[in-house]
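Thanks for coming. Please have the sequence and the model up on your screens, and I will walk through a few places in it.

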Amino acid sequence: MQGKSIPIEVPIIVNLAGGKGGVGTSTITANIAYALGEAGSGFGTIGVIDLAYGANSTLSKLLGVPPLGTNGFWNYITARYYPYQDSSPNITPQLTQQIALITSGTIEAHRIDWALSYVLSRMSNDPDQVGWALYNDIAELIVNKLLIHKPSLVIIDVPSAIFKPLAWAVLMMSRIVNVVVKAGSTHQDEAMEVLGLVSAVINQRAQLGLAQPDVFLIVNQAFPGDNTANELKARGVPMRGTSVLPYSPAVHYITDYMKDLAVKYEVPQDKFFRQWRDTILAIARNEYEVARSARQGRGFFRLKS
Ligand SMILES: Nc1ncnc2c1ncn2[C@@H]1O[C@H](COP(=O)(O)OP(=O)(O)O)[C@@H](O)[C@H]1O
Ligand SMILES: [Mg+2]
């Protein structure tokens, strides 16, 4: 089936939640997108897709753009699989300061559930087929709606407890996987579940002869001396790198900050926030750089040699 998968000519970064939710994938997605998209960073436009389940796109709030209403990711997916959808969505990314965002869309959770059960029943409950179908849906969305903005990369925000074949599909297409876990030992078992899925996809990609993703562990909301990263490593999880983001009392200013930034390009004076944001940027900058494709003149994201 992967022989029929649609090629995506842009690197994908997936921010995946390890745990029950509220670990910080949306906050991290918004910050990486904003920081990399900032004028002068060299990364140019950043595409973002919000897979948040349900009616509200956290990312549109964090990035300060109006939500797409009924023209978001889940409207697009449900229109494909839910036979009783009343309108066909017109997906147009929201543009703000170097970011092209496809929000999750406004849709009732039960419609999403119906659509997902239709996908399953249509494909006779074969999770592999469902996974590849969703892979192609997302690939088409990226190729048709985001590439026109020439992004140097696309970041996908995956909430916790997402439909497994969907998580599988985005992991299958990712160049970089950031597994975000909340600091503290009580979150480790939940994190192991997601890391198990990541390992399974890594094996599958190897079997299919596909390139491997770089997997990073991001331990978020940590206090000094937190040991979560070491403890997870001791459990034998294969990681390219680990970053620990401190708990920051300033993170809730993020929305105002984003709005201010859009106007003034000024950095807030809160040292906790700066520390937090610098750590996120370092993840990207230390490991990756923008290269220019001579043929297309488009920036792309590659691992520093
Ligand atoms: N490092 C941090 N320090 C303090 N608060 C944080 C941090 N990261 C995230 N938060 C807060 O935690 C909450 C959940 O974050 P969010 O990004 O929405 O999580 P998720 O998308 O994984 O559900 C938000 O209120 C956010 O401001
Ligand atoms: Mg979220």
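I start with Pro159, which is buried, with 21 other C-beta atoms within 10 Å. Buried here means that 20 or more other C-beta atoms lie within 10 Å of the residue's own; exposed means 12 or fewer, partly exposed is in between, and C-beta atoms are placed from the backbone. Before going further, this is a predicted model, in which local features need pLDDT of at least 70, side-chain atom pairs count only at pLDDT 80 or more, and totals for chains, interfaces and linings use all residues. Residues are numbered from 1 along each chain as its sequence is written, while chains are lettered from A and ligands numbered from 1 in the order in which they are written.

Pro159 lies in the loop between strand 5 and helix 6. Helices (H or I, at least four residues) and strands (E, at least two) are DSSP runs, numbered from the N terminus. What does Pro159 contact, leaving aside its neighbours within four places in sequence? The list is Ala17, Gly21, Thr25, Leu51, Ala52 and Tyr53. Contact means that the C-beta atoms of two residues, placed from the backbone, lie within 7 Å. The C-alpha atoms of Pro159 and Val23 are separated by 9.2 Å, and these two are 136 residues apart along the chain.

Ala161 is found in the loop between strand 5 (153-158) and helix 6 (164-173). Is Ala161 buried or exposed? Ala161 is exposed, with 11 other C-beta atoms within 10 Å. Its phi is near 55 degrees, a positive value in a residue other than glycine. Most residues other than glycine have a negative phi.

Gln221 is not a glycine either, and has a positive phi of about 60 degrees. Gln221 sits in strand 7 (residues 214-222), and counts as buried, with 23 C-beta neighbours inside 10 Å.

In helix 6 we find Trp168. Trp168 is buried, having 21 other C-beta atoms within 10 Å. Not counting residues up to four places away in sequence, Trp168 touches Gly131 and Val201.

Eight strands form an open sheet in the order 3-4-2-5-1-6-7-8, with mixed pairing. Two strands pair if DSSP finds at least two bridges between them. Strand 3 (94-96) and strand 8 (241-246) are the edge strands, each pairing on one side only. From one strand to the next, the twist averages 20 degrees. Strand 7 and strand 8 pair in the parallel sense over five bridges, and Leu217 stands opposite Thr242 in strand 8. Helix 5 (residues 127-146) packs on the sheet and touches strand 2, strand 4 and strand 5. The direction of helix 5 makes about 135 degrees with that of strand 4. Axes are lines fitted to C-alpha atoms, for helices over the stretch in contact, and angles run from 0 to 180 degrees between N-to-C directions.

Last, a helix pair. At what angle do helix 3 (residues 73-81) and helix 4 (residues 109-122) pack? The angle is about 45 degrees, with the axes 9 Å apart. That makes helix 3 oblique to helix 4. Angles under 35 degrees count as roughly parallel, over 145 as roughly antiparallel, 65 to 115 as roughly perpendicular and the rest as oblique. Helix 3 contributes Trp74, Ile77, Thr78 and Tyr81 to the contact, and helix 4 contributes Arg111, Ile112, Ala115, Tyr118 and Val119.
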